[in-house]
Amino acid sequence: MPSHNTLEESTRSTAHDDDSRPMQLTLNVWRQAGPTEPGRFVTYQHQNVSEHMSFLEMLDVLNEDLILRGDEPIAYDHDCREGICGMCGMMINGIAHGPQRATATCQLHMRHFKDGDTITIEPWRARAFPIVKDLVVRRGSLDRIVEAGGYISVNTGAAPEANNIPVPKPNADRSFEAAQCIQCGACVAACPNASAMLFLAAKAGHLGLLPQGQPERYRRTVDMVAEHDKQGFGACTNMGECEAVCPKEISIDFIARLNRDLIRAKLTNPSGY
Amino acid sequence: MAIDSTTVAPPRIAPTMPRTRPFTEAPPDTLDSKIPEGPIDRKWELRQFEYKLVNPANKRRFKIIVVGSGLAGGAAAAALAELGFNVDCFCYQDSPRRAHSIAAQGGINAAKNYRNDGDSVFRLFYDTVKGGDFRAREANVYRLAELSTNIIDQCVAQGVPFAREYGGLLDTRSFGGAQVSRTFYARGQTGQQLLVGVYQSMCRQIGHGRIRMNPRTEMLDVVVADGRARGIVTRDMLTGEIRSHVGDVVVMATGGYSNVFYLSTNAKGCNVTATWRAHKRGAFFGNPCYTQIHPTCIPVSGDYQSKLTLMSESLRNDGRVWVPKTRGDKRSPAEIPESERDYFLERRYPSYGNLAPRDIASRAAKAVCDEELGVGPGGLGVYLDFSDAMRRLGVASIRERYGNLFDMYQRITGENPYEVPMRIYPAVHYTMGGLWVDYNLESTIPGLFVGGEANFSDHGANRLGASALMQGLADGYFVLPASVTDYLGRTKLDAVDENHPAFMDVEREAEHRVRRLLEIDGRRTVDSFHRELGKLMWDYCGMARNRAGLEHALSQIPAIREEFWRNVKVPGSAGDLNQSAEQANRVADYLEFAELMVTDALHREESCGGHFREESQSEDGEALRDDERFAYVAAWQYNGDGVPILHKEPLTFDNVHLATRSYK
Ligand SMILES: Cc1cc2nc3c(=O)[nH]c(=O)nc-3n(C[C@H](O)[C@H](O)[C@H](O)COP(=O)(O)OP(=O)(O)OC[C@H]3O[C@@H](n4cnc5c(N)ncnc54)[C@H](O)[C@@H]3O)c2cc1C
Ligand code: SF4
Ligand code: FES
């Protein structure tokens, strides 16, 4: 299991002080020009890192330098930079999203590193996530899983009054916990089998815990699992690496729940859906 | 290049510039807003009855292009596909579920009146018109309030896990200056939960083959063939391929343009490209100067800052905003006694206090920082202090309410807000301006419909909290499906394909432009230009604006633009993933758009909502509207190399009495 810092360990409780000196880092970054090109690590010395920078800002500054030097900047995905869109993600020293627990790459800050550190940066690696360039991968395979059944079939305009169906608060809260998944793919990147089972289980749990999700509960689960396998994700063998890196702390208990639903689906409909 | 948009005070500009009008004015009555006849509460019903329908068997013969997969675009794509149309949907992220709507935290308004606290459709309508400082169209706002209740029903049926009470029914809270509790929420993640609902509906239609989703595909232009919007030209962000997409109608829901300021709370990829290119092809731009500054954001920490982070304004329900009473007070906040603190919102706005609307709270914070009373690096921050609330309610209940926000703050600043007060500062957050649309959400280009933040919309000069999500979904789920169907039902469309000269021309232009950007090979990065523009806009067209500053900005923008096209360095090639080229293309458009935004701000010689003109304020610093001269929507027409042309859509208020906003 990768070791993670907790938020408390690594923050100060004093007011903001401004006397931080720049850190110097050595970065080993995976560079790959295109999907079929060979990739390799390239080493960069970064002289000018402030502890208040985010990890991506640290790379931004490096990229500005690279551009002015006439090199191509490092390609990496990002958008919201608030830890919610799920666009960012890289392996940082072998850990998906880096050393900070429950934190997406864009929310990781440089105060968690020390002057003189060497940091290795790689893309997500999984059969179902082919590399596009440098740290950018394709993750459409996750969308395919949702398209295979990760929804409730209700047409616009056909909805009953919202408060007609009460949902016990514990169920609603549990459903919300699963629904927090940002579809980043870190769970896949961390899994030795490159399985997307935590992601899939989160979707199944989110919908399957609500009364609205009951009519399609078993079919949804079976269809999503079939698509998961078809997309080239590996099988889940309960290693637990996924839970450790998940920026939204999705619990591996959802995988157990998913497995129970799969068994029940087979019992109730042995011929399959 | 290290230009930091918010830590350096702008130099004062002496008002010596010549007073020329950088625009011309069209004769009156050029705009038809197509507001239905009838009383306000029947207009939408009557309009829906007037709408033409399309025979179910014919629907699959039409192709609808939807640009954007946020709440507005995604909902429209799903709803139109459910009706049986073929939809081609586009977004620049790698999955439609990542559209910037995902980042909304606080909540979504709806006039359900579940609390029995006196809410109603009319009250939501009234609050929104008043909150927008009487610069929105009454009929649109009423429809929005009416549809708000259907949205909640729809979302719950899709499985959106809204917060609930112990009895199992939906919970609500009061938000952003509303005196009723009408905001539905999903912890601090309302946007993500609503967007996942939209995304799932889209996925269902993608699975059924009725939506063809094109992620990582950036719209570069809209194509107008024979007087109608008939498609778009895009760049495949993975391969660089530029190509045309032909359809029968185009819906754009491409979000807002806050990133014209470089630093904002918007995602890095948010752009004005789609709307600006449409503008250049004939769509009028409405009220570009109306931008919203959000009071509770994390202050800038250094010149590498790449974006700003919002913290939900729900924090103001329990946090108290203050600064030290004396300049240069360097003591830590805990050492400053009560008597030496200025709770300036409570002092200036006794009845609303810390819950004063966004524009007012933001300006008040700027005012104390201008007096050099601000806290933190550069003095650009004020305290948001929870110690009273923690004493009163206990730390546990504060953790329950705001735990995730406190964690986020701690993650970014390295400070523990349970022990030291947060520091906050206003940041650009939302743009009320956008493409002008009529009541049917159709722009001035026939067949080009615009929804969500991309249109000039229903929020007037200031948007109330929790109203953008509502508007995006109202447009997407309910208005666009009806009005787009009507357009297809009543319009005779000629056969057009990719070989139509209009498509060929636009494609060529787009290719040429990308090539040119790559060929300049100058000495400055794209970001350095973006920062320079952003700083200029923030200093002179930001929270407070005046004639001299705006004229200064207007004189500077062309110079930055000129240097950009001469001296920008865009590495790499056009034929693969090239994030510098993507960004260069967006910044080039911001450099043009900024000029229109400043022109609009300059022409509007009044203060209203998010637009504050220093010349137009009362003795105690409150905004002064000028209803005599400015009760209109400013819709700008592109005029090539000439100055833009101003069209005015007069606003009339028959149901809400035009009055001065007061939150004292
Ligand atoms: C941090 C934050 C918090 C917020 N909190 C709230 C809140 O609590 N309540 C509330 O009501 N509102 C809130 N808002 C405002 C609200 O989230 C947005 O106004 C709203 O979600 C916009 O939705 P949209 O569908 O119009 O656009 P977006 O969600 O921005 O979607 C735009 C879509 O267009 C696509 N696109 C853009 N340009 C192109 C192009 N050139 N080519 C192809 N595709 C393109 C994008 O890929 C994306 O799919 C918040 C905003 C921010 C920034
Ligand atoms: S389960 Fe966690 S790690 Fe996996 S995709 Fe969702 S948020 Fe990312
Ligand atoms: S960039 Fe959006 S989650 Fe990191």
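**View 1. Ligand 1 in the largest cavity of a predicted model.** The space that ligand 1 takes is the largest cavity. A cavity here is a set of points on a 1 Å grid over the protein atoms alone, where a 1.4 Å probe fits but cannot get out. Ligand 1 lies between chains A and B. The model is predicted: local features need pLDDT of at least 70, side-chain atom pairs count only at pLDDT 80 or more, and totals for chains, interfaces and linings use all residues. Residues are numbered from 1 along each chain as its sequence is written, chains are lettered from A and ligands numbered from 1 in written order, and side-chain values use heavy atoms, without hydrogens and water.

**View 2. Backbone contacts of ligand 1.** Polar contacts are pairs of N or O atoms within 3.5 Å. Gly106(B) places a backbone N or O atom 2.8 Å from an oxygen atom of ligand 1. A polar backbone atom of Gly107(B) is 3.0 Å from a ligand nitrogen atom. For Gln105(B), the distance from a polar backbone atom to a nitrogen atom of ligand 1 is 3.4 Å. Protein covers 98% of the 1,000 Å² of accessible area (Shrake-Rupley, 1.4 Å probe) that ligand 1 has on its own.

**View 3. The shell around ligand 1.** The ligand is surrounded by 39 residues (a heavy atom within 4 Å). Gln93(B), Ser101(B), Gly106(B), Met219(B) and Glu453(B) are the closest. The shell holds 17 nonpolar, 18 polar (Gly among them) and four charged residues (Asp, Glu, Lys and Arg count as charged). Strand 7 of chain B gives the largest share, three residues.

Notes:
A polar contact is a pair of N or O atoms within 3.5 Å; within protein, one must be able to donate a hydrogen and the other to accept it, and residues adjacent in sequence count only if both atoms are side-chain atoms. On a 1 Å grid over the protein atoms alone, a cavity is a set of points where a 1.4 Å probe fits but cannot get out, and a pocket is an open set with protein on both sides within 12 Å along at least five of seven lines; lining residues have an atom within 4 Å of a point. A molecule sits in a cavity or pocket if more than half of its atoms lie within 2 Å of its grid points. Helices (H or I, at least four residues) and strands (E, at least two) are DSSP runs, numbered from the N terminus.
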